[in-house]
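Open the model in your viewer and keep the selection tool at hand. We will go from stop to stop, and at each one I will say what to select and what is there.

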Amino acid sequence: MNDAEQWCLVTVRQWKRDSFVKYLQNDIEQKRLEELIVEIVEPEEAVYDNMVLMQISSYPEARKALQQIEFFQGIQRLKPNEANRMLGR
């Protein structure tokens, strides 16, 4: 994992993760956010049901973009070891 990788955990409204991810992917395409939101991971474990793990290039910009998306609730930065643990690395 290189230092440029920034991971964050996004919380979404309960039972709405699939919808949120669809809206997010739509926004990434329409607004050309591929460089901002590098990777989206939906953790399998039930405790993460309302969460999406994301690799981003800029926390402030990602937060601004995500706040526009329906069902978004919150975002927090992750330390690399936390992200690795959630990714099962």
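A salt bridge here is a side-chain nitrogen of Lys or Arg within 4 Å of a carboxyl oxygen of Asp or Glu. Keep in mind throughout that you are looking at a predicted model.

**Stop 1: the salt bridges**

Please select D27 and K31. Their closest N and O atoms are 3.2 Å apart, which makes the pair a salt bridge because the cut-off is 4 Å. D27 is part of helix α1. Is D27 buried or exposed? With a relative accessible area of 13%, D27 is buried, whereas K31 is partly exposed at 47%. Now show what surrounds D27: leaving aside neighbours within four places in sequence, D27 is in contact with R32, L33 and I69.

How many salt bridges does the rule give? The count comes to two. To see the other pair, select E42 and R17, whose side chains meet in a salt bridge at 3.3 Å, N to O. E42 sits in the loop between β2 and β3 and R17 in helix α1 (residues 17–30), so this pair ties together parts that are 25 residues apart in sequence. R17 counts as buried, at 12% relative accessibility, while E42 is partly exposed, at 31%.

**Stop 2: the aromatic pair**

Stay with helix α1 and select Y23 together with F71. The count of aromatic pairs comes to one. Y23 and F71 form that pair, which is tilted, with 6.0 Å from centre to centre and 35 degrees between the planes. Since Y23 lies in helix α1 and F71 in the loop between α2 and β4, the pair ties together parts that are 48 residues apart in sequence. Y23 is partly exposed, with a relative accessible area of 36%; F71 is buried, with 10%.

Keep F71 selected and look at its backbone. Although F71 is not a glycine, its phi is positive, about 80 degrees. Then jump to W15, another non-glycine residue with a positive phi, in this case about 65 degrees. W15 lies in the loop between β1 and α1 and counts as exposed, at 70% relative accessibility.

**Stop 3: the sheet**

Next, switch to a cartoon view and select the strands. In what order do the four strands of the open sheet run? The order is β2-β3-β1-β4, with antiparallel pairing. β2 (37–41) and β4 (72–78) stand at the edges with a single partner strand each, so one side of each has no neighbour in the sheet. On average, neighbouring strands of this sheet are turned by 25 degrees against each other, direction ignored.

Zoom in on β2 and β3 (residues 51–56), which pair in the antiparallel sense over four bridges. If you pick I40, its bridge partner in β3 is M54.

**Stop 4: the helices on the sheet**

Which residues of α3 are buried? Among them are A83, N84 and M86. They cover an arc of only 165 degrees around the axis, which puts them on the same side of α3.

**Last stop: after α3**

Finally, select G88, in the segment after α3 (80–87). G88 follows α3 with a positive phi, near 70 degrees. G88 is exposed, because its relative accessible area is 66% and anything over 50% counts as exposed.

Methods
Residues are numbered from 1 along each chain as its sequence is written. Side-chain values use heavy atoms; hydrogens and water are left out. Helices (H or I, at least four residues) and strands (E, at least two) are DSSP runs, numbered from the N terminus. Buried means under 20% relative accessible area, exposed over 50%, partly exposed in between (1.4 Å probe, protein chains only). Two strands pair if DSSP finds at least two bridges between them. Axes are lines fitted to C-alpha atoms, for helices over the stretch in contact, and angles run from 0 to 180 degrees between N-to-C directions. The arc is that of the directions from the helix axis to the C-beta atoms. Contact means heavy atoms within 4.5 Å. Rings of Phe, Tyr and Trp (its six-membered ring) pair if their centres lie within 6.5 Å; planes under 30 degrees apart count as stacked, over 60 as edge-to-face and the rest as tilted.
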